[in-house]
Structure formats: C-alpha cells, structure tokens
Amino acid sequence: MCGTCGCGEEGTVSIRKPGEDTGEHTHSHSHAHDHQGHAHEHSHQHKHAHSHAHEGHQQHHESSHGHEHGGNGHHHRHEREIQLEIDVMQKNNLLAERNRGYFEAKQILALNLVSSPGSGKTSLLEKTIKDFKSQKKIYIIEGDQQTMNDADRIEKAGAPVVQVNTGSGCHLDADMINKAVKILEVEDHSLLFIENVGNLVCPSLFNLGEQKRVVIVSTTEGEDKPIKYPNMFQSSDVCIINKTDLLPYLDFDLEKMKEYALRVNHQLEFIEISVKNGEGLNKWYAWLKNLSL
Amino acid sequence: MHEMSIALNIVEICEDEVKKAGGQVVNRIELEIGTLSGVIPDAMEFAIQEAVKETVLQQAERKIHLKQAKARCQECDHTFDIDDFVAVCISCGSFKTEVIQGKEIKIKSLVVS
C-alpha cells in the first residue's frame, strides 16, 4: 500500500514542469513487499550469530517459542526492550529541516500556502506574480491531487513552476518539496511559494521547511473555520482573509472569524484582501517585503 | 486519512530499529499520542492494522497511550489540562496560552526479538 493515505500501489506522485508529458515519478514510501524481503535476510544472519552467543540464553530460548517459523528448531530469540521515544514524524521533520537549511543558505523565502479548496490561493499567486515580480524573482510549487491546471495558470502569469501531483495523497510532504526544488532550480534571494493541496486537515501535520505558513480563508466560508480546523490555524503564522469584496452580500462575520482564530492562536496576524478588486493587497506585499529583508 | 501515512512511518522506523538491534520481529510496541496531535486513535488503530501486514510488526502487541494535552498561561503562568486549542486560562481567563504538551505522536518503546 502507498504511504499517502492508504491509496493503492498505482498512487504514484509525479513532479513535473508545464509541458512535460511524464516527469520524475517518485514513490517516497516503502511498500510491504520490500519488508518481507528484509525479514528473510535477517533470519539468515541470525543463524550465523547463533554459534557465538550461547550460554545464559537458555531461558529466553524456552520462553520465546511458539512462533510459526518453519522447522527451524534452533531459533534463538533474545527478547529485549528498546526505549525509543522517537517522534513518528521525524523523517518528514528531518527532511523539512534540510529544506529549511537550503532555503536559509540561499536566502530563499519559502512560504507554505494552505487553505480549503476554492479559497483563491492560485488567484492570489497569479496576482502576486504580476505585482511583485519586479521586486523579487518568484517561484511556485503547485500541489494538487491531479491535473496541471494550476501550473499552467502560474506559467501564464509568468513564474517558473513545478506541479506536484500527489495522486490520491491529501498533502505535500518535505520529500516532495526537496525533489521539486531541485527541478525548479530556484535562484538565490528569491521568493518561493508552495501552494499546498486544498485541505485544512492533513497538511497541518507536515512541515515542509517553510519560513512561514500562510492560511487563507475566504468570506464565502463559515466564520467558524478556525475552531473547526484548529490544527491548521494553530500552526499558521498569518491568516489571509480573501474575497472581502463580497462582504456586503454575505452573512460572514469578519470580526467573529478573527476572534475564533485568535482563540486558537493568539499570535496569528491577519491580512484582509480582495484579489478581485485589489483591496488590501498592499498590506500583503508589505508583509512579503518585510520578510524578504 | 493522514493516519495511514503515519502508520507507514511507524512501520518504517520499526523495520530500521529491528535491523539495528539485530532482531527479527517486534513483539510489543508502545505508542504515545497526544490528545491534540491531530491523530484520531481509532483511525490510527485501523491504519496500523493494515500497515503492519507482512512486516516486522505483524504479530506485535500494540499499546497506545493517550497523552493529555496541557497549556500554560502566558499571563499568569498557570498550567492546566485542555481539550482543544481554544485554551482559555482557567485561572485568569486569558487567551494568551500556549500548548506545552499533547501534540506528540511518538513510538515510546519496542520489544524486539
């Protein structure tokens, strides 16, 4: 089974630039059949070790039978406890730190954009590329389950882009970013936006090595999103509230939404914008500029 | 369903640890899951059941310890149990609290043979 969310074997991740038919296909998680092979090798090693370690192991020998391991009567089992206290997310976190170090050394500002589908992440990026690219070179990593649609939109807007299709996966992980960055060949001192898969749950657990996490909500969503999906708001640094141009037509209570978000994360900053009419975008650009210094 | 991703990470770590210890199988695994880790214990249990098939963990007895989340108030320094991220200080009523425990997803220990 695949490492991303229990999909089938065919659920491969693809990372490619617009216009490429087939890009690099990666599968970052190991599969069950590999493990079986390992177990086999082990039992061989074990038989060799057998001749050395004899005395004093008789009790273990007796107590650990009953396993169905064929006709090998002389299987030694030295049962021992290993105190691990290991973070299960450590592999992703280690890779994320590697990415972070790379970004720091090259003075790349990497931002992880998270939201539910349809909040306007891609539109915000298109607009930002147009308005901000004179100040900074902008690169984009697009994350979606399927299609090159977003990458095509970004390319039209004028920024180098790599599309990561996660197949049936619901989030980007640090390994995908590591690979995508290599394909993108990001220049020093540039700005890298990582548009995560539209999902307010799973991406919150996967650190990508970004400097800041930006959560985007739109006024067409319920104002209680922050308390419904607290992990995401808790782990974000800034909250963009998009589609403010629609406020007069909606029941969305902006202040209530902010209050909910602050309850979950009192350090959260807010930037209210409308990508459609440009309202508030100066504040967003000022925020970006301030971070880039 | 990120639990499956996490379950497969657990299997991978265990495969490595068993190899390092020169063992063959895991007889017992103890996990610690914080109540605010974003992982649902039932979903985790289900994902693990699937993920361990034909691995060193197949026969392992599993124990999941839940770790109660705690927050500390930044205003009055009071420490208290919390059920969600909306942590209002029970002593002074401030929202300026930080989660100090309960976000962990850890493998505590393995019994390997």
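A nonpolar core is a set of buried Ala, Val, Leu, Ile, Met, Phe, Trp, Tyr and Cys residues joined through side-chain atoms within 4.5 Å. I keep that in mind for these entries. The model I am reading is predicted.

**Entry: the cores**

I looked up the largest nonpolar core and found 34 residues in it. The residues with the most contacts inside this core are Ile6(B), Ile10(B), Cys14(B), Val26(B), Ile29(B), Leu57(B) and Ile107(B). Next I asked which elements supply it. β3 (80-87) of chain A gives at least two residues, and so does each of α1, β1 (26-34), α2 (41-51) and β6 (105-112) of chain B. α1(B) gives the most, with nine residues.

I then picked out Cys14(B). Leaving aside residues up to four places away in sequence, Cys14(B) touches Val26(B), Ile29(B), Val56(B), Leu57(B), Ile107(B) and Leu110(B).

I also noted a second, separate core of 29 residues. Met148(A), Ile154(A), Ala157(A) and Trp287(A) are among its members.

**Entry: helix α1(B)**

α1 of chain B runs over residues 2-20, which makes 19 residues. From first C-alpha to last, α1(B) reaches 27 Å, close to the 27 Å expected at 1.5 Å a residue. Is α1(B) mostly covered or mostly open? I found it mostly covered, with 16 of its 19 residues buried. After the helix comes Gly22(B), and I read a positive phi there, near 70°.

**Entry: the sheet**

I traced an open sheet of four strands, in the order β3(A)-β6(B)-β1(B)-β2(B). Its pairing is mixed. β3 of chain A and β2 (61-67) of chain B stand at the edges. Each has a single partner strand, so one side of each is left without a neighbour in the sheet. On average, neighbouring strands are turned by 15° against each other, direction ignored.

I checked how the two chains meet here. β3(A) and β6(B) pair in the antiparallel sense, over six bridges. In one of these, I found Gln83(A) with Ser109(B) of β6(B) as its bridge partner.

Where does α1(B) lie? I found it across β3 of chain A together with β1 and β6 of chain B. α1(B) runs at about 40° to β6(B).

**Entry: chain A overall**

I counted ten helices and ten strands in chain A. The chain has 293 residues, and 51% of them count as buried. Among contacts in chain A with a separation of 6 or more, residues 24 or more positions apart account for 70%. Chain A exposes about 13,800 Å², and carbon and sulfur atoms supply 47% of that.

How values were computed
Residues numbered from 1 in each chain as written. Chains lettered and ligands numbered in written order. Predicted model: local features only at pLDDT ≥ 70, side-chain atom pairs only at ≥ 80, totals over all residues. Heavy atoms only, no water. Expected span 1.5 Å × (residues − 1). Buried < 20%, exposed > 50% of the residue type's maximum accessible area, 1.4 Å probe, protein only. Contact = heavy atoms within 4.5 Å. Areas by Shrake-Rupley, 256 points an atom, 1.4 Å probe, with all protein chains shown as cover. Pairing = 2+ DSSP bridges. Axes fitted to C-alpha atoms, helices over the stretch in contact; angles between N-to-C directions.
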